[in-house]
Amino acid sequence: DLVDRCGATMSKDMADEEAKREAAQRAATPRLALQRSSSIGKRVAATKARHVYHLNIGEKTHEVILDVSKLSGKTKLTVDGEQVQGFKRSHSQTLPGAHTLD
């Protein structure tokens, strides 16, 4: 028998199953690989900002681009090169592989 983190005893099979569950959960957890921000306004650069995120989810890397107008408040969200229509601040986006960005 083995002792887990809480001090309870468990069999080797139970410990192996728990280790597999934890590994699967870590693999499915989005991890930020790269983030950068830049000013992109046409006439006055500081009026618009572009935020680019690269998220590693499992084996895949997804690119999320958020363009924000500081004057009008308009936003444009692009995920993996496809613009998300009707994006609002409290919007969830489902990525391929059933991952949801909230």
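Does D67 count as buried or exposed, and at what relative accessibility? In this predicted model, D67 counts as buried, because its relative accessibility is 10% and the limit for that class is under 20%. The protein has 102 residues, of which 20% count as buried.

**Overall make-up**

- The protein contains 1 helix and 9 strands.
- Read from the N terminus, its elements follow the order β-β-α-β-β-β-β-β-β-β.
- When contacts between residues at least 6 apart in sequence are considered, 14% of them join residues at least 24 apart.

**The sheet**

- In general, strands of a sheet pair through backbone hydrogen bonds, in either a parallel or an antiparallel manner.
- Within this sheet, β4 (residues 48-57) and β5 (residues 60-69) pair in the antiparallel sense over 10 bridges.
- One of the facing positions is N56, which stands opposite T61 in β5.

**D67 and its partners**

- D67 is located in strand β5.
- Apart from its neighbours within four places in sequence, D67 is in contact with I40, A49, R50, K74, T75 and K76.
- In general, side chains of opposite charge can pair when their charged atoms come close.
- The count of salt bridges comes to 2.
- One of them links D67 with R50, where the closest N and O atoms are 2.7 Å apart.
- Since D67 lies in strand β5 and R50 in strand β4, this pair ties together parts that are 17 residues apart in sequence.
- The side chains of D67 and R50 also make a polar contact, at 2.7 Å.
- R50 is partly exposed, its relative accessible area being 29%, whereas D67 counts as buried at 10% relative accessibility.
- A salt bridge also joins the side chains of K76 and D67, with an N to O distance of 3.9 Å.
- K76 counts as partly exposed, because its relative accessibility is 34% and this class lies between the limits of 20% and 50%.
- Through salt bridges that share partners, R50, D67 and K76 are joined into one network.

**D80 and its backbone angle**

- Where in the chain does D80 have its place? D80 is found in the loop between β6 (75-79) and β7.
- In general, most residues other than glycine have a negative phi.
- With a relative accessibility of 35%, D80 counts as partly exposed.

Technical notes: Residues are numbered from 1 along each chain as its sequence is written. This is a predicted model: local features need pLDDT of at least 70, side-chain atom pairs count only at pLDDT 80 or more; totals for chains, interfaces and linings use all residues. Side-chain values use heavy atoms; hydrogens and water are left out. Two strands pair if DSSP finds at least two bridges between them. Helices (H or I, at least four residues) and strands (E, at least two) are DSSP runs, numbered from the N terminus. Buried means under 20% relative accessible area, exposed over 50%, partly exposed in between (1.4 Å probe, protein chains only). Contact means heavy atoms within 4.5 Å. A polar contact is a pair of N or O atoms within 3.5 Å; within protein, one must be able to donate a hydrogen and the other to accept it, and residues adjacent in sequence count only if both atoms are side-chain atoms. A salt bridge is a side-chain nitrogen of Lys or Arg within 4 Å of a carboxyl oxygen of Asp or Glu.
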